[in-house]
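Welcome, and thanks for taking a look. Please open the structure below and keep it in view while you read this short briefing.

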Amino acid sequence: MGDADRLAERLSEIRVRYPGSQPEMVADVVHAVLATMSGDLSAQETSLLAEVEALGKTIASAKAEIAALRVDDITDNHIPFATDELDAIVEHTATATNAILNSCETLDDVAGSLTGEPASKLQDATTQIYEACSFQDITGQRITKVVATLKTIETKVAQIVATFGGRSGGNRAPVEAEEAHPEAALLNGPQHPTVAMDQSDIDKLLASFE
Amino acid sequence: MPIDKSMNVLIVDDYKTMLRIIRNLLKQIEFNNVEEATDGAEALAKLRAGNFGLVISDWNMVPMTGLQLLQEVRADARLKATPFIMVTAESKTENVVAAKQAGVSNYIVKPFNAETLRDKIEKVLNHG
């Protein structure tokens, strides 16, 4: 690509970025600046200077765009709101599960006072309720994983904002690196059912050690 | 051989709901002497102070995990023969292998049902 082509491409980019601007105005400005420097710099140096200037403008533009997006809202409002909501879900499901277990224990006591088929049927029903209530543990662990992911995103966004000149970089307390747990590779929580081993897979694996 | 259901059983989980569920399921199969701990360190202290015939423990707890508890139990001369069942949502092959290498007696993946719990308890207690 020749110089003329590159210039045309840059002017097109400028037209897209600043629809109200006239390329002729830009050309005039560039020409005026270069004219004042004529004799002081070589053509190669002038070209390099223009590239540095363009780079500076690109960075300034990126900073302005990031500021316009109000990225701080993500760390100040959206993520804290989301994590608070998830914490509330865990709290409410725990409360509901405890209420179910209270009733189930009462039914279990009643089953103990019965005999024969009614006692057996009632105990089967309470067993199934106990089994189902373990959802609270599993969902709690899944939500904890989501909260940890959100906190990672929050940290990364704060770093981007600080790097590109957002308002909060200097004021925010530095995020301490998490200390790696010695069993980190083994602490993954519940796996997705489509990929997780079930009890029969685990039984086979254990049997392979015998 | 009949199982002595009067033995002391220690259940360990950081979710109170889960402790309550396991306690009730154990009660339904006539294990009534059940104690609880909410992490590995508390469990180890109870094990060293008491006389337990079975440990049923979660894995993912702080500050001491279920795996660390298992390793401590197997390293303790008085406790090392205690049957130890891991009940956990950690279902990766490497978890099962690590638990087996640490000396776990059996491994139950959450969510589990009462029949699986009863079956694994019978297996580990008859094996011992």
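Is A:Ile74 buried, exposed or partly exposed? A:Ile74 is partly exposed, because 18 other C-beta atoms lie within 10 Å; buried means 20 or more other C-beta atoms within 10 Å of a residue's own, exposed 12 or fewer, and partly exposed in between, with C-beta atoms placed from the backbone.

This is a predicted model, in which local features need pLDDT of at least 70 and side-chain atom pairs count only at pLDDT 80 or more, while totals for chains, interfaces and linings use all residues. Residues are numbered from 1 along each chain as its sequence is written, and chains are lettered from A and ligands numbered from 1 in the order in which they are written.

**Around A:Ile74**
- A:Ile74 sits in helix α4 (residues 72-113) of chain A; helices are DSSP runs of H or I with at least four residues, strands are runs of E with at least two, and both are numbered from the N terminus.
- Leaving aside residues up to four places away in sequence, A:Ile74 touches A:Ile79 and A:Val157, where contact means C-beta atoms, placed from the backbone, within 7 Å.
- A:Ala158 is 84 residues apart from A:Ile74 along the chain, with 8.9 Å between their C-alpha atoms.

**Where the chains meet**
- Chain A brings 33 residues to the contact and chain B brings 30 residues.
- On chain B, the elements giving two or more residues to the side that touches chain A are α1 (16-28), α4 (93-102), β5 (106-109) and α5 (114-127).
- Of these, α1(B) gives the most, with 7 residues.

**The largest nonpolar core**
- This core, a set of buried Ala, Val, Leu, Ile, Met, Phe, Trp, Tyr and Cys residues joined through C-beta atoms within 7 Å, has 44 residues.
- Those with the most contacts inside the core are B:Val9, B:Leu10, B:Ile22, B:Val55, B:Ile56 and B:Ala99.
- Here, too, α1(B) gives the most, with 6 residues.
- Among the residues that B:Val9 touches, not counting those up to four places away in sequence, are B:Leu26, B:Phe31, B:Phe52 and B:Leu54.

- B:Asn95, B:Val96, B:Ala98 and B:Ala99 are the buried residues of α4(B).
- They lie on the same side of α4(B) because they cover an arc of only 165° around the axis, taken from the directions from the helix axis to the C-beta atoms.
- B:Thr93, B:Glu94 and B:Gln101 are exposed on the other side of α4(B).
- The buried residues of α4(B) pack against α7 (199-207) of chain A, and also against α3 (66-75), β4 (84-88) and β5 of chain B.
- Just after α4(B) comes B:Gly103, with a positive phi of about 105°.

Terms used
Contact = placed C-beta atoms within 7 Å.
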